[in-house]
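Student: I should like to learn how to read the features of a protein model. May we work through one together?

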Amino acid sequence: MMHKQSFDIEQRQSVLGTFFFLLMSVQKLIRMFWPLLLLYVFKGNATKLLEPKWMIGLSILVLLLIAHSILTWYNFYFLIKDKEFVLRKGYLKRVVIAIPFEKIVSINLKQNLVQQVLGVVQLEVDSAGSKKKEVAIYAINREIAESLKEQLASYKKDAIDSEENVVDEELVEEKETILQLSFKDLLRISIAKNHLRGLLIILAFGNNIYYQLKDLFESEITSAADQTENFLEHSSTMALFGFVVFVLIISLIISMAEVFLRYHDFNMTSFGNAFSLQSGLLKRKNITIPFSKVQRLKRSINPLQKLLNISDIQLVQANSVEVSKEKDKVSIPGCDNQKFKELCNKIYDDPFTQSTIDLKPHKIFRYRYFSFSCLLMSIPIIVLGFEFTCVWYFEILIPFLAAIIANQIYKRRVYRIGHDYLQVQSGIIAKDYSIIEVYKVQAVHIKRSIFQRRNGTANLVLGMAGSAVRIDYIRYDEALRIKDQILYKIEVTNKTWM
């Protein structure tokens with residue numbers, strides 16, 4: 001059994017934290033000055049770094065980095081005091097952060113490659129209303145981190161004194177495995193992933209490297225670019241086809257690498273009233289998600305995923321403002337239909353058996369997307385048309401493509417309004433499906449443009465800590481009725497979830 005450690009007095013991070021801060025400082029310097037280092041290497045000036053003045057300067061820089069690391073570690077304290085988790089840090093600018101137990105939203109453990117080598121973990125504590133991860137302890141022993149996490153969670157439950165947020169002590173040890181991903185599962189996830197993202201990463205990375213190196217080696221880079229352009233202009237169709245296939249293969253490799261690095265050894269379990277997720281190869285994550293904190297469950301499935309019987313699940317928690325960013329949302333890949341239903345039934349009280357009223361957007365919604373699609377597709381054709389006259393012929397296809405897109409969006413958009421749950425279905429290529437518990441909605445707004453006032457429609461916007469959900473282009477009287485129903489449910493519900 002884990003020894004319960006006292007955190008009533010100030011404690012520092014592990015001594016190995018000094019090495020962690022040193023390595024992080026070196027990493028920042030390399031990111032800032034790597035173009036200059038390349039300049040010295042390729043210009044044949046690398047030997048100048050061995051001159052006495054450079055060696056003295058480099059030695060002073062190393063000493064400053066070591067001093068900074070030691071001072072950062074030495075002036076970093078944390079403790080539990082007066083029903084608050086307190087952190088003090090900084091040697092030039094002193095910072096004190098105190099988080100009341102009842103404001104703590106999540107306590108997570110993470111480990112990047114450096115931390116794995118040093119044998120330490122990073123503990124993050126997030127509080128309601130903060131704009132970022134408010135407290136991060138970067139280098140503590142795993143045993144201490146686990147003990148601190150356990151005590152903070154225990155104090156939090158005592159502070160809010162709510163059955164909805166309590167993890168049953170008798171069930172803590174009885175963990176149930178919800179999802180484990182094997183090598184085969186990761187391979188299927190990689191194949192079905194959006195490879196356009198990998199292609200965009202290649203283009204963005206290549207463009208960034210090109211312009212940074214161009215400033216340093218303008219003549220060499222310009223010559224290489226001209227040779228590449230000349231090669232593409234005089235290449236055969238087969239050569240160009242081979243180039244495209246090569247780029248697609250690279251995109252696939254990037255997608256596979258991203259999936260394997262992010263979801264290696266993925267294990268999701270449930271215990272009591274919470275989920276626990278562990279995953280990652282170079283950067284390990286250990287996240288706890290209480291059922292009651294999930295504001296929105298979103299499922300996304302594209303045609304390839306449908307063929308492989310998998311889908312992506314995203315859990316949006318009542319968290320900080322920054323939770324709207326993708327990196328702060330909890331992603332669960334590789335879920336089949338059965339696992340999806342299991343997750344829903346764990347978090348919600350059988351949402352699929354409740355009777356619902358199904359609503360479709362007004363037909364104006366379809367015309368709006370038709371016009372928007374026509375405009376969006378016309379812009380690149382107009383821009384390219386002045387350079388390549390043959391591009392103008394594609395203007396004929398725009399109305400047909402826009403009609404297909406608008407019709408698909410309209411067909412997929414469905415709103416299901418129940419007594420306790422609201423379900424939103426949308427998408428163009430991928431099919432998105434969201435479930436929201438009505439009493440967890442924090443704000444309800446009705447928005448109407450001038451055109452909507454004329455045709456009697458409105459947009460209903462449901463505001464939440466983690467995200468916002470829109471119910472677009474429904475009849476104005478329906479929007480008022482749904483708003484009143486949601487506000488009534490919020491008022492009469494006594495459940496605690498924040």
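The dialogue below takes up the whole chain and then some of its parts.

Tutor: This is a predicted model, in which local features need pLDDT of at least 70, side-chain atom pairs count only at pLDDT 80 or more, and totals for chains, interfaces and linings use all residues. Residues are numbered from 1 along each chain as its sequence is written, and side-chain values use heavy atoms, with hydrogens and water left out.

Student: How many helices and strands does the protein chain have?

Tutor: Helices (H or I, at least four residues) and strands (E, at least two) are DSSP runs, numbered from the N terminus. The protein chain has 14 helices and 20 strands.

Student: What percentage of the residues in the protein chain is buried?

Tutor: Buried means under 20% relative accessible area, exposed over 50%, and partly exposed in between, with a 1.4 Å probe and protein chains only. Of the 498 residues in the protein chain, 39% are buried.

Student: What does the span of helix α12 show?

Tutor: The expected span of a helix is 1.5 Å times one less than its number of residues. Helix α12 (residues 398-412) has 15 residues and should span 21 Å; its end C-alpha atoms are 21 Å apart, which agrees.

Student: Which elements do the buried residues of α12 pack against?

Tutor: Contact means heavy atoms within 4.5 Å. The buried residues of α12 include Ala402 and Ile409, and the buried residues of this helix pack against α11, β15 (414-418), β16 (421-427) and β17 (431-437).

Student: Is Ser373 buried or exposed?

Tutor: Ser373 is buried because its relative accessible area is 7%. Its place is in helix α11 (residues 363-385). Not counting residues up to four places away in sequence, Ser373 touches Ala402 and Ile405.

Student: Where does Lys495 lie, and what is its relative accessibility?

Tutor: Lys495 lies in the segment after α14 (476-492). Lys495 counts as partly exposed because its relative accessibility is 46%. Between Lys495 and Tyr439 there are 56 residues of sequence separation, yet their C-alpha atoms are 8.4 Å apart in space.

Student: Is Leu63 buried or exposed?

Tutor: Leu63, in helix α2 (residues 52-74), counts as exposed because its relative accessibility is 58%.

Student: What percentage of the accessible surface of the protein chain belongs to carbon and sulfur atoms?

Tutor: Accessible areas come from the Shrake-Rupley method with a 1.4 Å probe; for residues, only the protein chains shown count as cover. The accessible surface of the protein chain comes to about 28,800 Å², and 62% of it belongs to carbon and sulfur atoms.
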